[in-house]
Amino acid sequence: IYTLSLHDALPISHGGQLPDELATLTFLENTAVEIHGYDIASPPGLLQTEDYIRALVRESGIPAGDSVERRVNARLRRQQVALRRSPPPSCWFFVHELALRTTVGGPEIMHAQVLHLLFATSLRYCDIRIIPASAGGQGLARGSFQLMKYVEHDPVAYVEQEAVSLFLDKPSHTAQHLLVVVSVAGQIGR
């Protein structure tokens with residue numbers, strides 16, 4: 001039973017370890033009936049390949065060694081829990097073109113990542129839309145986020161930055177994130 005009630009934005013510091021909120025995020029993704037993602041800098045975490053995740057973690061300046069593999073494995077576990085359950089959530093991901101043009105890990109890794117996204121579009125529950133660079137500032141004005149919807153509970157928005165993450169469940173906050181999804185969908189066609 002989902003009993004988490006946040007009522008306000010709860011900043012959670014990452015520090016040097018895996019984020020404490022990872023279990024909460026996994027739980028929220030696993031219980032959501034819909035997941036809307038808006039990503040500017042990279043493909044959605046739920047749709048990243050293992051090699052892409054590893055390269056992204058290494059290139060982002062995370063200390064090498066054990067923490068890299070723990071982060072890779074944590075993201076892969078999130079993918080398995082959220083997307084391989086029955087029934088899976090309905091997913092709508094909006095990815096900025098620049099996220100696909102930025103080479104992470106080299107051409108082979110990017111090629112495999114783009115193919116992985118292409119194959120993901122064949123899943124009946126997964127819709128990926130690319131925000132073209134020609135959208136200008138409208139496609140870049142807001143930061144990346146995930147909006148998760150539930151059958152019996154209010155939506156929750158998840159915003160992750162370098163040093164802090166936020167879970168937002170106030171209706172005024174989640175409504176703003178839903179407005180972004182609707183606005184972008186209208187701009188690029190859904």
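A residue counts as buried when its relative accessible area is under 20%. The model on display is predicted.

Begin by selecting His 36, which lies in strand 2 (residues 34-39). With a relative accessible area of 7%, His 36 is therefore buried. Show its side chain together with that of Glu 34: the two make a polar contact at 2.9 Å.

Move to Ile 35. Beyond four places in sequence, Ile 35 touches residues including Glu 29, Leu 46, Pro 89, Trp 92, Phe 93 and Met 148. A second, separate core of 15 residues can be selected here through Phe 145, Val 159, Val 181 and Ala 185, which are among its members.

Now turn to the largest nonpolar core, which has 22 residues; Ile 35, Leu 47, Leu 83, Phe 93, Cys 126, Ile 128 and Met 148 touch the most other members. Colour the elements that each give two or more residues to this core: helix 1 (22-31), helix 3 (66-83), strand 3 (90-96), helix 5 (107-120), strand 4 (126-131) and strand 6 (156-160). Strand 3 supplies the largest share, three residues.

Finish at Arg 129, in strand 4. Is Arg 129 buried or partly exposed? Its relative accessibility is 31%, so Arg 129 counts as partly exposed. The side chain of Arg 129 makes a polar contact with that of Asp 127 at 3.3 Å. Draw a C-alpha to C-alpha distance from Arg 129 to Phe 93: the two are 36 residues apart in sequence and 6.2 Å apart in space.

How values were computed:
Residues are numbered from 1 along each chain as its sequence is written. This is a predicted model: local features need pLDDT of at least 70, side-chain atom pairs count only at pLDDT 80 or more; totals for chains, interfaces and linings use all residues. Side-chain values use heavy atoms; hydrogens and water are left out. Helices (H or I, at least four residues) and strands (E, at least two) are DSSP runs, numbered from the N terminus. Buried means under 20% relative accessible area, exposed over 50%, partly exposed in between (1.4 Å probe, protein chains only). A polar contact is a pair of N or O atoms within 3.5 Å; within protein, one must be able to donate a hydrogen and the other to accept it, and residues adjacent in sequence count only if both atoms are side-chain atoms. A nonpolar core is a set of buried Ala, Val, Leu, Ile, Met, Phe, Trp, Tyr and Cys residues joined through side-chain atoms within 4.5 Å. Contact means heavy atoms within 4.5 Å.
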